[in-house]
Amino acid sequence: MRGTVSTSKNPSDNAGLLVLAVDDEAPGLSEIKYLLESSPHIRRVITAFDAAEALRILRGDYDNEVKERADSGVPPVDAVFADINMPGLSGTDLARVLGAFRAPPALVFVTGVEHSEAVVAFEVGALDFVTKPINEDRVNKAISRVVERVASTPVAAPEPVTAEPQDDEVIPVELGGTIKLVPRATVRYVEAQGDYARLHTSDGASHLVRIPLAQLEERWENAGFVRIHRSYLVALPLVTELRMTSNGYAVVIGSGEGAKELPVSRRHTRDLKERIVRPPKSSWG
């Protein structure tokens, strides 16, 4: 396990913030960790050496508290303090992935980049921006902004997602120790594989992600995705045919050599027909 958890404060004390610090340079990571732990508002600090490791931490691979928070529908951590210029996934790449979370944590960039990149940071949803060399007072101001954000966010029981998903949602896919970002708009259909889902994209590739098909169905409903079978979720705007076969109905996605035929179960046939005749509003681009 590469991710580390600081417990310099009493871990049984639930008051205070749970924070993730991300920096590929050890001195910078040690410094921001020390300053965060020095704040009375911070309860625990988790550290990651790159964005890929940060994503594994945020999905609960290393820490039970993070997993329990994410499963309950609240942000897996209260805030992420991250460098921008990191190998592989950059801090702004990480920000775009966080933006796709149902309950995203507050994001603060801590980096030595120029002002122009600070503008980019705010464009991808950063709450604050702290430049290096790090100033303790400036970090404390950023922490105060996080405290205000957390205090102003109502705590409620998880409920079905009805809001319009983000147009540029991306799905992080781990491939041989690296993270690839797959845009949702490139996904033609999704295939259930146990507790996982396989994304089939327009370039003919497929990617296995640790997300149940039912969760993607709920999350992507307003983006034009429709359940047609217990094993399949399809992008409705890409359906070119609904045809009768010897085994019932099937849909065809695309045309020509790249066309794909998928079965439609009896229980989903009526709903699919209604959606094709009277398609719902969607954010599909």
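Mentor: The questions below go through selected parts of this structure, which is a predicted model.

Trainee: Which residue does UniProt list for "modified residue: 4-aspartylphosphate"?

Mentor: The UniProt record, an unreviewed entry, lists D83 for that feature.

Trainee: And where is D83 found?

Mentor: D83 sits in the loop between β4 (79-82) and α4 (91-99).

Trainee: Is D83 buried or exposed?

Mentor: D83 counts as buried, because its relative accessibility is 5% and the cut-off for buried is under 20%.

Trainee: What is D83 in contact with, leaving aside its neighbours within four places in sequence?

Mentor: With those neighbours set aside, D83 contacts V22, D23, D24, G91, F109, V110, T111 and K132.

Trainee: Let me follow up on K132. What kind of peptide bond joins K132 and P133?

Mentor: That bond is cis, with omega about 0°. In general, most peptide bonds are trans. P133 belongs to the loop between β6 (128-131) and α6 (136-152).

Trainee: Since you mention α6, what about R138?

Mentor: R138 lies in helix α6 and counts as partly exposed, because its relative accessibility is 29%. Not counting residues up to four places away in sequence, R138 touches D128, F129 and V130.

Trainee: Changing topic: how many residues are in the largest nonpolar core, and which touch the most other members?

Mentor: This core has 29 residues, and those touching the most other members are L20, V22, V80, L94, L107 and F109. At least two of its residues come from each of β2 (17-22), β3 (42-48), α2 (51-58), β4, α4 and β5 (106-111). The largest share, 6 residues, is supplied by α2. As a general point, nonpolar side chains in soluble globular proteins tend to be buried together.

Trainee: What does L20 contact, apart from its neighbours within four places in sequence?

Mentor: L20 is then in contact with I46, T47, A48, A54, I57, L58, V77, A79, V80 and F81.

Trainee: Which residue caps the N-terminal end of α2, and what follows the helix?

Mentor: The cap is D50, with a side-chain oxygen 2.7 Å from the backbone nitrogen of E53. After α2 comes G60, whose phi is positive, near 90°.

Trainee: One more topic: how many aromatic pairs does the count come to?

Mentor: The count comes to 2 aromatic pairs. One of them joins W220 and F225 and is tilted, at 4.8 Å centre to centre with 50° between the planes. W220 counts as buried because its relative accessibility is 0%, and F225 likewise counts as buried because its relative accessibility is 2%.

Trainee: Finally, where is T269, and is it buried or exposed?

Mentor: T269 has its place in helix α8 (residues 266-277) and is buried, with a relative accessible area of 11%. Leaving aside neighbours within four places in sequence, T269 contacts Y249 and V264.

Note on methods:
Residues numbered from 1 in each chain as written. Predicted model: local features only at pLDDT ≥ 70, side-chain atom pairs only at ≥ 80, totals over all residues. Heavy atoms only, no water. UniProt positions renumbered as here; feature names shortened; annotations may be inferred. Helix = DSSP H or I, 4+ residues; strand = E, 2+ residues; numbered from the N terminus. Buried < 20%, exposed > 50% of the residue type's maximum accessible area, 1.4 Å probe, protein only. Contact = heavy atoms within 4.5 Å. Core = buried A, V, L, I, M, F, W, Y, C linked by side-chain atoms within 4.5 Å. Phe/Tyr/Trp six-rings, centres within 6.5 Å; stacked < 30°, edge-to-face > 60°. Polar contact = N/O pair within 3.5 Å; in protein donor to acceptor, adjacent residues only side chain to side chain.
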